[in-house]
Protein chains: 2
Amino acid sequence: MALPDFHDVERAAACLKGIVRETPIQTSRRLDDHSHATVFLKCENFQRVGTFKFRGAYNAVTQRSSSKPVVALSSGNHAQGIALACRLSGKEAHLVMPEPVNPIKRAAVQEYGGIVHVPSGSRDAESFSQDLVRELQGEWVEAFNDPDVIAGQGTAALELLGYVPALDVLLGPIGGGGLLSGTCLAAHGLNPKIRVYACEPAGALDALYSVLENRIVPQEYPQTIAEGLRTSLGTLTLPILRDHLAGFFVVEEEEIVAAMRFVYERMKLVIEPASAVAVAPLLRQEPALQGKRVGVIISGGNVDLSRYFDGLLGS
Amino acid sequence: MALPDFHDVERAAACLKGIVRETPIQTSRRLDDHSHATVFLKCENFQRVGTFKFRGAYNAVTQRSSSKPVVALSSGNHAQGIALACRLSGKEAHLVMPEPVNPIKRAAVQEYGGIVHVPSGSRDAESFSQDLVRELQGEWVEAFNDPDVIAGQGTAALELLGYVPALDVLLGPIGGGGLLSGTCLAAHGLNPKIRVYACEPAGALDALYSVLENRIVPQEYPQTIAEGLRTSLGTLTLPILRDHLAGFFVVEEEEIVAAMRFVYERMKLVIEPASAVAVAPLLRQEPALQGKRVGVIISGGNVDLSRYFDGLLGS
């Protein structure tokens with residue numbers, strides 16, 4: 001597969017126009033005070049399905065010109081993105097969700113009309129998915145290692161830079177690298193001087209080692225509450241990231257929770273742990289960010305507060 | 001005191017320009033689907049100090065042209081608004097907070113430089129406050145029964161109608177009536193046909209009876225989780241509301257929680273119970289709202305999620 005480039009991000013933006021929500025960019029004097037920087041949060045927590053993943057999913061689903069069913073493997077956000085993208089473009093969506101399946105996420109996928117497949121415990125989810133693609137003669141859309149997905153994810157940074165062109169730095173969380181790869185392409189297509197940093201939990205440090213060693217170091221025993229960041233890089237995301245990244249910020253679990261708390265208490269935004277990973281370097285006042293204009297891609301807000309609401313009227 | 005009018009709201013908007021945050025207006029296809037209406041949420045949960053109260057507080061503090069200390073009585077949001085307004089205009093803020101004092105709210109007031117006074121249990125907070133005004137030769141700013149406060153609160157609706165002029169209906173929660181009075185003045189100054197409804201918890205129904213009986217029916221034993229709505233109307237808010245309101249929607253406690261949950265799960269916004277009171281009539285598909293373009297003033301987002309964050313890393 002050819003690597004995507006800036007023009008693919010621009011094409012994706014045209015394709016997504018009127019379909020994705022142009023999410024708000026939020027600022028906070030108190031975040032600026034605490035970080036000694038000028039910070040712009042691109043709030044993809046307010047994106048449709050609650051995460052940036054809808055951008056890449058919709059771009060990939062609509063770039064496949066056939067009307068074949070779409071098959072994807074995901075236990076969460078990518079599955080919801082694909083299900084909604086297919087509903088909007090009149091295609092059938094088949095989502096392979098490995099056990100244990102979160103019932104809220106399963107219900108959300110089904111609410112968008114997606115057909116859920118749960119491989120039995122002994123079956124490898126990847127090979128199950130490939131069998132399903134053959135059986136249905138379907139189109140496969142990988143969660144991050146796909147040029148159309150990467151280009152779609154880059155449109156969040158493109159929107160942010162449209163409103164705030166003079167950014168010095170962009171921060172984003174890194175799991176499979178789809179969001180960060182697209183962010184790099186968008187940023188450097190507009191301004192090669194912007195420094196893009198990947199933010200990674202200390203308990204799932206595979207991307208840092210992969211970029212350093214220039215090979216995909218698999219993520220085998222991730223230890224982090226940032227669910228979305230437990231995956232390894234892919235064959236497309238690794239070379240893009242090696243070319244573009246200015247560096248990595250490594251974040252501890254306590255810093256993730258502290259950043260979630262800060263952003264909620266001071267800005268009234270509920271952000272998922274993966275997003276908090278990209279805010280934490282600001283709160284510890286990383287020298288590379290001091291005095292800079294910093295954009296942060298807030299990847300999503302799918303945090304389960306149902307126990308909080310359950311407790312509101314007492315028992 | 002003379003009743004405030006539309007021109008006071010316009011003057012307040014000029015005074016607040018560049019000081020208040022112009023809060024986002026959020027929409028949701030799913031909220032529209034569930035309510036059979038077209039809904040625009042004016043998100044004052046993203047206002048400075050997390051509530052619309054900052055608007056009225058800042059307007060009132062700066063309309064008092066003297067540099068005298070400001071005294072206010074409030075256990076929560078109004079106190080924070082006054083403290084920040086005074087800091088920004090170089091005045092001393094004295095906040096009388098009756099017991100039991102919420103330590104988070106007390107800390108927030110002090111963080112803005114406010115001086116907190118807690119009357120001893122046997123002292124009436126109102127007379128304690130008036131003694132303090134005399135002792136300090138200070139300026140008193142009531143939380144809602146003040147023309148400048150009312151005019152300031154009206155600027156939220158003014159902003160909303162600036163972006164979405166063709167609204168049929170405006171909804172807001174009612175406690176002391178400051179927000180709703182200002183909303184009425186703003187709406188009917190621009191378009192007398194807009195129907196403004198007050199939304200009130202069934203467990204704190206004093207405003208409905210006050211308007212029906214044209215006298216202030218005191219709120220004696222409020223039974224609602226919507227803390228901000230436990231107060232009675234005032235001598236300024238009652239006549240404005242009688243003149244302008246199209247009616248009341250009465251909301252049960254279970255509906256408040258269901259609306260908080262819906263708005264969080266579908267729109268990723270954490271709103272306080274008082275705000276949910278104004279969303280609930282939409283979710284039960286009130287006939288007067290069907291097919292209409294409805295604006296809702298989301299009053300604030302000061303919800304304490306600290307126990308949720310405390311639990312994130314296990315124990």
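**Ground rules.** I am reading a predicted model, where local features need pLDDT of at least 70, side-chain atom pairs count only at pLDDT 80 or more, and totals for chains, interfaces and linings use all residues. Residues are numbered from 1 along each chain as its sequence is written, and chains are lettered from A and ligands numbered from 1 in the order in which they are written.

**Domains.** I looked up how chain A is divided, and found domain 1 (6–51 + 146–298) and domain 2 (65–140); such bounds come from an automatic or database domain assignment. The C-alpha centres of these two domains of chain A are 26 Å apart. Five residues from domain 1 of chain A and five from domain 2 of chain A make the contact, which asks for C-beta atoms, placed from the backbone, within 7 Å. On the domain 1 side I noted two nonpolar residues, two polar and one charged. In this scheme Ala, Val, Leu, Ile, Met, Phe, Trp, Tyr, Cys and Pro are nonpolar, Asp, Glu, Lys and Arg are charged, and the others, Gly among them, are polar.

**Two copies.** How does chain A superpose on chain B? A rotation of 180° with 0.0 Å of shift along its axis does it, at RMSD 0.0 Å, so the copies are related as by a two-fold rotation axis.

**Interface.** I found 18 residues of chain A in contact with 18 of chain B. Helix 11 (253–267) and helix 13 (306–310) of chain A each supply at least two residues of chain A's side, and helix 11 gives the largest share, five residues. Helices here are DSSP runs (H or I, at least four residues), numbered from the N terminus. Chain A's side has 12 nonpolar, three polar and three charged residues. Because 100% of the interface residues of chain A are also interface residues in chain B, the copies meet through the same surface.

Conventions: Contact = placed C-beta atoms within 7 Å. Least-squares fit on C-alpha atoms with pLDDT ≥ 70 in both.
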